[in-house]
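Try each task before reading its solution.

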Amino acid sequence: MVDLRNTDLRAPAIATKWRIGNSTVKDHRKKLSIKAQHTDTATVLSGKAEETPDGGEFKDVQTTEKIGTDWTRIFERFQIDPDVFEIVDDTVRMSTWQQSKALEDGTRDVVNLFSYSARFTRKVEALVDVREIADSLRKWKPTQNNTPRMGPPVTMFVGWADWQLGKGEGDGTKGTTQRILDSFQATTDRITAMRKRGINVDGLLLANMGDHTEAVTGHYTSQTYSVDLNQRDQLNLAIELNLTGIKALAPMFDQVTYSATLCNHGQWQRVAGKALTDDSDNSTGFIGDTLHTVCDLHPALSHMDWIIPRDEMITTGTFSGVNLSMAHGHKIGSAEDTWLAKQSLWLQATRRFETELWATAHRHTAIVEDFGPYSRVQCSTEDPGSKSFTDGTGKFSTQGTTTFLIGSHLKRKYSDWEVL
């Protein structure tokens with residue numbers, strides 16, 4: 001039996017132990033009017049808390065005792081849910097001083113007082129309910145595909161790039177979402193049509209080229225003002241749309257790979273445009289890890305392969321005999337040819353990987369260029385565009401999803417490039 005009255009455990013601990021939803025624990029505790037016991041004894045005298053959808057900051061929180069590592073009472077003092085937020089450890093600042101205090105017998109004593117400042121952020125486990133996503137996946141039944149295959153095998157590359165869900169410009173997230181859903185059907189139709197023409201589209205590469213979420217702060221002026229989804233909702237929608245695309249396309253193939261590339265809008269912890277944590281702290285990796293976990297639970301998707309980087313900025317794989325290197329593109333400077341050449345040499349020296357084809361994104365524009373030893377395909381996007389970029393340059397890109405075939409027998413290692 002699940003003992004929700006065990007107030008020595010926080011909601012996430014009970015949820016993990018008994019394999020139930022974190023929100024379920026909190027809902028039942030609320031109905032039972034149960035609160036967790038706290039080990040700290042500090043009395044909060046004064047202070048200020050500033051909260052945003054994805055975190056916030058405590059300023060000059062004065063207490064009678066040291067806070068230590070348990071900030072639960074501080075969160076609750078400012079009516080902030082400690083099950084949802086946590087302190088960013090390296091941001092804690094503390095000062096102390098002594099003050100005279102009158103005692104009941106008329107004498108005076110000296111007491112120690114403390115003042116704390118710290119930033120806090122939303123907990124990862126509070127962002128996405130993986131169990132809820134897994135439950136919905138179990139109810140799904142895929143359609144069967146028995147199309148005959150002929151000729152040399154090729155892999156269909158589908159570039160899901162720069163969706164930037166939560167971006168409020170143009171027709172906003174609603175418009176972006178509809179274009180993405182339409183692209184899934186367009187991709188399905190294209191694969192079916194190619195197979196009817198006798199092309200042996202044998203493998204599928206679903207390439208998450210990065211920036212599936214817009215984030216909410218730290219990337220450009222007025223970002224927080226202009227977004228139409230907070231970080232949690234951006235991540236939930238990104239996972240849902242990725243999963244919808246996987247369910248639409250993966251059952252059509254015996255060989256399916258989902259790859260991911262780390263990106264700039266995926267950096268979670270940014271202040272003044274700079275990342276606070278390392279490269280692995282990225283929404284692309286989190287989205288890929290979550291999809292891998294839930295897809296492995298369904299027999300129709302358990303055949304998928306996954307290439308999810310930890311902190312590597314270049315993702316590599318071999319598809320239909322072709323060595324493909326993928327990068328989001330935010331690390332590329334003005335001299336792209338130099339960057340590609342040096343990175344190709346680095347991959348060959350460190351990974352024994354000789355790049356025959358590059359795929360990038362980031363610039364939102366569909367471009368294919370032949371560099372000699374390899375070609376580079378720059379992926380388009382379904383996002384609503386950027387007013388400030390267009391105002392400043394007069395440039396804009398046509399929305400769409402980049403697709404092409406990969407095969408070792410092809411002269412340029414790719415063919416049938418089309419933006420859907």
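A residue counts as buried when its relative accessible area is under 20%, as exposed when it is over 50%, and as partly exposed in between. Keep in mind throughout that this is a predicted model.

**Exercise 1. A residue in a helix**

Task: Locate Arg195 and decide whether Arg195 is buried or exposed.

Solution: 
- Step 1. Begin with the secondary structure: Arg195 belongs to helix H6.
- Step 2. Now look at the accessibility. Arg195 has a relative accessible area of 3%, and the cut-off for buried is under 20%, so Arg195 is buried.
- Step 3. Met150 is 45 residues away from Arg195 along the chain, and their C-alpha atoms are separated by 8.3 Å.

**Exercise 2. The chain as a whole**

Task: Describe the chain by its secondary structure, its buried share, its contacts and its accessible surface.

Solution: 
- Step 1. The chain holds 11 helices and 18 strands.
- Step 2. Of its 420 residues, 48% are buried.
- Step 3. Take the contacts between residues at least 6 apart in sequence: 68% of these join residues at least 24 apart.
- Step 4. The accessible surface amounts to about 21000 Å², and carbon and sulfur atoms account for 49% of it.

**Exercise 3. Salt bridges**

Task: How many salt bridges does a search of the whole structure find? Then examine the pairs of Arg179, Arg197 and Arg376.

Solution: 
- Step 1. The search of the whole structure gives 10 salt bridges. The criterion to apply is a side-chain nitrogen of Lys or Arg within 4 Å of a carboxyl oxygen of Asp or Glu.
- Step 2. Arg179 pairs with Asp171, and their closest N and O atoms are 2.7 Å apart. Arg179 is buried at 17% relative accessible area, whereas Asp171 is partly exposed at 41%.
- Step 3. Arg197 and Asp416 form a salt bridge through their side chains, at 3.8 Å from N to O. Arg197 sits in the loop between H6 and strand S7 (201-208), while Asp416 is in strand S18 (residues 414-419), so this pair ties together parts that are 219 residues apart in sequence. With a relative accessible area of 58%, Arg197 is exposed; Asp416, at 29%, is partly exposed.
- Step 4. Arg376 and Glu369 have side chains that meet in a salt bridge at 3.3 Å, N to O. Arg376 is buried, with 2% relative accessible area, and Glu369 is partly exposed, with 35%. Through salt bridges that share partners, Glu336, Arg363, Glu369 and Arg376 are joined into one network.

**Exercise 4. The surroundings of a strand residue**

Task: Which residues is Glu418 in contact with, leaving aside its neighbours within four places in sequence?

Solution: 
- Step 1. Check its accessibility: Glu418 is partly exposed, at 36%.
- Step 2. With the sequence neighbours within four places set aside, the contacts of Glu418 are Arg190, Thr401, Thr402 and Thr403.

**Exercise 5. A charged patch**

Task: Which residues form the negative surface patch, and where does Glu312 lie?

Solution: 
- Step 1. The members of the negative surface patch are Asp278, Asp279, Asp311 and Glu312.
- Step 2. Glu312 is in the loop between strand S11 (305-307) and strand S12 (315-319).
- Step 3. Patch residues need over 30% relative accessible area. Glu312 has 33% and is partly exposed.

Terms used. Residues are numbered from 1 along each chain as its sequence is written. This is a predicted model: local features need pLDDT of at least 70, side-chain atom pairs count only at pLDDT 80 or more; totals for chains, interfaces and linings use all residues. Side-chain values use heavy atoms; hydrogens and water are left out. Patches are made of residues with over 30% relative accessible area and no salt bridge: like charges are joined within 9 Å, nonpolar side chains (Val, Leu, Ile, Met, Phe, Trp, Tyr) within 5 Å. Accessible areas come from the Shrake-Rupley method with a 1.4 Å probe; for residues, only the protein chains shown count as cover. Lys and Arg count as positive and Asp and Glu as negative; His and the chain ends are not counted. The place of a charge is taken as NZ of Lys, CZ of Arg, CG of Asp or CD of Glu. Helices (H or I, at least four residues) and strands (E, at least two) are DSSP runs, numbered from the N terminus. Buried means under 20% relative accessible area, exposed over 50%, partly exposed in between (1.4 Å probe, protein chains only). Contact means heavy atoms within 4.5 Å.
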